[in-house]
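Subject: Handover of a structure and notes on what was found

Dear colleague,

Please find below the structure that I am handing over to you.

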Amino acid sequence: MPLFGSGGRHRKTATIGAAAVLGVAALTGGAIAISTGTGEAAESCAGLDTALRNNLSFIQGQQRNPDALSAARIANRQAVVDLIQQRRQTAGCTGAVSPEAPGQGGNAAPPPSSPSAAPAPGGAAGEVVCRGNTVTLSAEGGAPGATSNQFPVGTLLKVTNLDNNKSATVPVTGPSGSCALLNSSAFEQVREPGKFLIRRVVITRVR
């Protein structure tokens with residue numbers, strides 16, 4: 001009898017111990033899940049807010065200095081703004097986002113081409129450009145491309161994400177409020193999963 005009783009106490013103690021371990025593991029896992037989720041949401045909101053501000057600045061620039069194509073450009077960017085706002089709502093982003101002040105972004109049109117031999121804006125071919133800039137996306141569709149407030153249409157830029165060593169070479173397709181603003185397909189080539197902002201980036205002018 002004592003042997004049986006001892007074994008029963010042992011099994012009971014083991015059961016309680018296992019339950020305690022499982023409870024601690026569950027609490028620990030919950031804490032990790034909460035912490036990770038909060039970090040990803042903060043990262044997503046930062047990138048989405050930047051993308052929203054870039055597009056609002058572009059629209060503001062087009063409205064301030066319209067040309068024959070401004071109405072179409074504004075309609076296209078407004079659709080992008082609506083999509084970003086939906087993503088912000090899903091991510092729980094609540095911060096107010098406004099366009100940049102006049103003169104800081106939202107160029108109305110790309111710089112006109114010139115037959116002169118003046119140096120190309122933003123550096124020569126093979127030179128690292130946009131130093132200190134972060135890169136995000138405009139959420140526009142189409143073939144991989146970028147918009148820029150420094151480079152004319154047709155410029156080729158190589159964008160390298162130093163956090164995962166992925167790179168993409170894309171043409172500039174139009175103006176924006178950033179040195180290099182990638183569209184959705186270009187951003188997918190270099191992004192890290194769940195992130196909407198590339199902080200450690202090297203941008204090289206190919207031509």
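Helices (H or I, at least four residues) and strands (E, at least two) are DSSP runs, numbered from the N terminus. This is a predicted model, in which local features need pLDDT of at least 70 and side-chain atom pairs count only at pLDDT 80 or more, while totals for chains, interfaces and linings use all residues. Residues are numbered from 1 along each chain as its sequence is written, and side-chain values use heavy atoms, with hydrogens and water left out.

Helix α2 and valine 81

Valine 81 belongs to helix α2. This residue is buried, as its relative accessible area is 5% (buried means under 20% relative accessible area, exposed over 50%, and partly exposed in between, with a 1.4 Å probe and protein chains only). Which residues does valine 81 contact, leaving aside its neighbours within four places in sequence? They are Leu52, Asn55, Leu56 and Ile59, where contact means heavy atoms within 4.5 Å. Asparagine 55 is 26 residues from valine 81 in sequence, and the C-alpha atoms of the two are 6.6 Å apart in space.

The disulfides

A disulfide is a covalent bond between the sulfur atoms of two cysteines. Here it is taken as a pair of cysteine sulfur atoms within 2.5 Å. A search of the whole structure gives two disulfides. With bonded cysteines counted along the chain, they follow the pattern 1-2, 3-4.

One of them joins cysteine 45 and cysteine 93, whose sulfur atoms are 2.1 Å apart. Cysteine 45 lies in helix α1 (residues 2–64) and cysteine 93 in the loop between α2 (70–91) and β1 (128–129), so this bond ties together parts that are 48 residues apart in sequence. The torsion about the S-S bond is about -95°, and therefore the disulfide of cysteine 45 and cysteine 93 is left-handed. Cysteine 45 counts as buried at 13% relative accessibility, and cysteine 93 counts as buried at 11%.

Cysteine 130 and cysteine 179 also form a disulfide, with 1.7 Å between their sulfur atoms. Because cysteine 130 lies in the loop between β1 and β2 (146–148) and cysteine 179 in the loop between β4 (166–175) and β5 (181–182), the pair ties together parts that are 49 residues apart in sequence. The link of cysteine 130 and cysteine 179 is left-handed, with -60° about the S-S bond. Cysteine 130 counts as buried at 10% relative accessibility.

Positive phi values

Most residues other than glycine have a negative phi. Cysteine 130 has a positive phi, near 55°. Asparagine 165 has a positive phi as well, near 60°. Is asparagine 165 buried or exposed? It is exposed, with a relative accessible area of 64%, and it is found in the loop between β3 and β4.

The largest nonpolar core

A nonpolar core is a set of buried Ala, Val, Leu, Ile, Met, Phe, Trp, Tyr and Cys residues joined through side-chain atoms within 4.5 Å. The largest one has 34 residues, of which Ile84, Phe151, Leu157, Leu182 and Ile203 touch the most other members. Two or more residues each come from α1, α2, β3 (156–161), β4, α3 (184–190) and β6 (201–205). Helix α1 gives the most to this core, with six residues. Not counting residues up to four places away in sequence, leucine 182 touches residues including Val135, Leu137, Val159, Val170, Phe187 and Val190.

Yours sincerely
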